[in-house]
Amino acid sequence: MGILTRQEKQYVEHHMRRREIYETLIADYYACVGIGGISERVGGSTNMPGNPTEREAIAAMEPPQEIVEAQRWLQVHKMAWDRLDDEKQAYMNQVWYLSASPEQVMTSLSIEATTFFRWKDEIIAVFAMCAAIKGMLRYESKTSGVFATKSMI
């Protein structure tokens with residue numbers, strides 16, 4: 001896998017493993033601000049009328065940068081998942097989401113070690129490509145060796 005450096009590969013793999021964390025972070029954020037079920041009584045108590053202006057402001061407010069980045073990484077996950085065939089989806093599910101050992105994955109999918117690591121590199125390359133499409137990775141020229149993420153810029 002000559003396309004990605006070790007640092008880039010580790011960075012992408014780190015975000016691949018954080019899918020559940022991002023989902024929880026986003027759900028918690030929207031639960032806190034009340035979007036998706038904004039109470040009619042926002043700004044009012046149980047026996048007082050609510051404040052529709054405040055309710056509209058909460059619904060229209062921009063989420064923090066951390067939430068925006070989590071949402072974009074989840075989009076990368078979905079985009080990459082859609083580009084993988086069924087065998088690689090099963091592989092990815094076991095390795096990154098269920099944290100199965102390489103031996104367990106090789107046994108359950110009936111694959112050799114070389115196939116295991118080749119698929120791992122291919123899946124990371126697909127994620128990196130999808131991350132670049134979504135603007136989560138930025139490359140200068142390969143000769144300059146510059147690699148940066150949105151948060152590094």
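**Entry 1: isoleucine 124**

I started with isoleucine 124, which lies in helix 7. The model is predicted, so I kept its thresholds in mind: local features need pLDDT of at least 70, side-chain atom pairs count only at pLDDT 80 or more, and totals for chains, interfaces and linings use all residues. Residues are numbered from 1 along each chain as its sequence is written, and side-chain values use heavy atoms, with hydrogens and water left out. Helices here are DSSP runs of H or I with at least four residues, strands are runs of E with at least two, and both are numbered from the N terminus.

Is isoleucine 124 buried or exposed? Its relative accessibility is 0%, so isoleucine 124 counts as buried. I noted the cut-offs: buried is under 20% relative accessible area, exposed is over 50%, and partly exposed lies in between, with a 1.4 Å probe and protein chains only. Lysine 9 is 115 residues away along the sequence, yet the two C-alpha atoms are 6.8 Å apart.

**Entry 2: glutamate 13**

Next I checked glutamate 13, in helix 1 (residues 6–17). Glutamate 13 has a relative accessible area of 13%, so it is buried. Which residues does glutamate 13 touch, leaving out those up to four places away in sequence? I found Trp96, Lys120 and Ile124. Contact means heavy atoms within 4.5 Å.

**Entry 3: tryptophan 119**

I went back to helix 7 for tryptophan 119. At 8% relative accessibility, tryptophan 119 is buried. Leaving out residues up to four places away in sequence, tryptophan 119 touches Glu87, Lys88, Tyr91, Leu109 and Ile111.

**Entry 4: helix 7 as a whole**

Helix 7 covers residues 113–133, which is 21 residues. From first C-alpha to last, helix 7 reaches 30 Å, close to the 30 Å expected at 1.5 Å a residue. The expected span is 1.5 Å times one less than the number of residues. I listed the buried residues of helix 7: Thr115, Phe116, Trp119, Ile123, Ile124, Val126, Phe127, Ala128, Cys130 and Ala131. Just after helix 7, glycine 135 has a positive phi of about 80°.

I also looked at the loop between helix 6 and helix 7, where serine 110 is found. Serine 110 is not a glycine, but has a positive phi of about 55°. With a relative accessible area of 65%, serine 110 is exposed.

**Entry 5: helix 4 against helix 7**

How do helix 4 (residues 65–83) and helix 7 pack? Their axes are 9 Å apart, and the angle is about 130°. That makes helix 4 oblique to helix 7. Axes are lines fitted to C-alpha atoms, for helices over the stretch in contact, and angles run from 0 to 180 degrees between N-to-C directions. Under 35 degrees counts as roughly parallel, over 145 as roughly antiparallel, 65 to 115 as roughly perpendicular, and the rest as oblique.

The crossing of helix 4 and helix 7 is right-handed. A crossing is right-handed if the near helix is turned clockwise from the far one by less than a right angle, and left-handed if anticlockwise. On the helix 4 side I wrote down Trp73, Val76, His77, Met79, Ala80 and Arg83. They meet Val126, Phe127, Met129, Cys130, Ala131 and Ile133 in helix 7.

**Entry 6: helix 5 against helix 6**

I compared the axes of helix 5 (residues 86–97) and helix 6 (residues 102–109), which come within 10 Å and cross at roughly 150°. That makes helix 5 roughly antiparallel to helix 6. Their crossing is right-handed. Glu87, Ala90, Tyr91, Gln94 and Val95 in helix 5 meet Gln104, Val105, Ser108 and Leu109 in helix 6.

**Entry 7: the whole chain**

Last, I took the totals. The protein has seven helices and two strands, in the order α-α-α-α-α-α-α-β-β from the N terminus. Of its 153 residues, 33% are buried. Among contacts with a separation of 6 or more, 65% join residues 24 or more positions apart.
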